[in-house]
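Let's take a walk through this structure together.

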Amino acid sequence: MALISVGTMAFDAIETPFGKVDQIVGGSGTYVAYAASNFVTPIQQISIIGYDFPQEELEQLKKRGVQLEGVEVVPDKKSFFWSGKYHLDMNTRDTLVTDLNVLADFNPVVPESYQGAEFLMLGNLSPNIQMSVIDQLKERPKLIVMDTMNFWMDIAMDDLKAVLLKVDVLMINDAEARQLSGEPSLVKAAKLILQMGPKFLVIKKGEHGALLFHENQVFAAPGLPLEEVFDPTGAGDSFAGGFIGYLAKTKDISFNNMKTAIIVGSACASFCVEKFGPNRLREVTRVDLEKRLAEFVQLVNFDIELV
Ligand code: AMP
């Protein structure tokens, strides 16, 4: 079951209350690919990198079943660079630098070999790029999941709304849901957003878990209470990768299966934050994942009897 993933492959500089790195591999597409490849291959990656992106990273991704034919390499430019600083609570961060570099003139080309993929993950990127990928697919995938962020709401809201009409699942955080809908109540915001195109809406609430909305149904997934959160960068993308990877593996896109997929996504995100960049995600094994999923089950499992 092929899964196309579109997103950035980048360098990040990250500062958290617990440490600092000046240059580490990142990018929404990188995190999605690492998380999703635990469940399904091939991951058909669409991205753009400069001369500086490490060959070693590309080899690692290939070994995990990530196809790179759709990753354009620009020999005379640098890769996308993002820098952020987290506040003490780790749920909020300031973007310090966004250097588009190669991303400034990215016109994604979907390779012929990617045609027919049944799952599409539109990682956080300009809505125009997301739309261009949808338009190039000859057959509509069975499921299109879209991530976005406040940055695009600020500068390209109309384009973003046009993409919303074409996707099945939208994934955003609570602040973004409020911004997109103009509604402070998340439940009301969800109702409004479900009228903008997507049939399913996932609202991520950082360490507090995530909500899944569909028609009149809601499902709440907890965040795993972790003793140490080292670096939340990429948590949202790891969540998305785990979510769509699991759906692609099980080939079941019902609301019920999406509940499980949300827990799987949360498990991937919980690993991601344990080390800087994708370092932890890279080393996670099947056994680690199974253990963590059991912890989630334990966390929300209780008996109740009203007497
Ligand atoms: P997350 O923490 O899940 O929101 O994702 C963090 C990743 O997104 C970082 O590795 C960045 O390289 C990447 N990123 C940050 N800003 C943007 C942007 N405007 N467009 C695309 N990717 C971005």
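We will begin at the ligand and then move to one of the strands. Keep in mind that this is a predicted model.

Start with the surroundings of the ligand. The shell around the ligand is made of 20 residues, and the closest are Asp12, Gly27, Arg93, Gly234 and Asp237. By type, the shell divides into nine nonpolar, eight polar and three charged residues. Several elements each supply at least two residues of this shell: β2 (10-16), α1 (28-36), β6 (80-86), α4 (150-155) and α8 (235-250). Of these, α8 gives the most, with three residues.

Now zoom in on the oxygen atoms of the ligand. An oxygen atom of the ligand is 2.7 Å from a polar backbone atom of Gly27. The ligand taken alone exposes 510 Å², of which the protein buries 93%.

Next, turn to strand β8 (residues 119-122). In a regular strand, side chains alternate between the two faces of the sheet. Here, Phe119 and Met121 lie on one side and Leu120 and Leu122 on the other, and all four are buried, so that both faces of β8 are covered.

What are the neighbors of β8? Strand β1 (residues 3-6) pairs with β8 in the parallel sense over four bridges, and Val6 has Leu122 as its bridge partner. Strand β9 (residues 143-147) also runs parallel to β8, joined by four bridges, with Phe119 opposite Leu143. Between β8 and β9 the chain passes through helix α3 (residues 127-136), making a right-handed β-α-β crossover.

How values were computed. Residues numbered from 1 in each chain as written. Predicted model: local features only at pLDDT ≥ 70, side-chain atom pairs only at ≥ 80, totals over all residues. Heavy atoms only, no water. Near = heavy atom within 4 Å. Polar contact = N/O pair within 3.5 Å; in protein donor to acceptor, adjacent residues only side chain to side chain. Areas by Shrake-Rupley, 256 points an atom, 1.4 Å probe, with all protein chains shown as cover. Nonpolar A, V, L, I, M, F, W, Y, C, P; charged D, E, K, R; others polar. Buried < 20%, exposed > 50% of the residue type's maximum accessible area, 1.4 Å probe, protein only. Pairing = 2+ DSSP bridges. Right-handed = clockwise from strand over helix to strand, strands pointing away.
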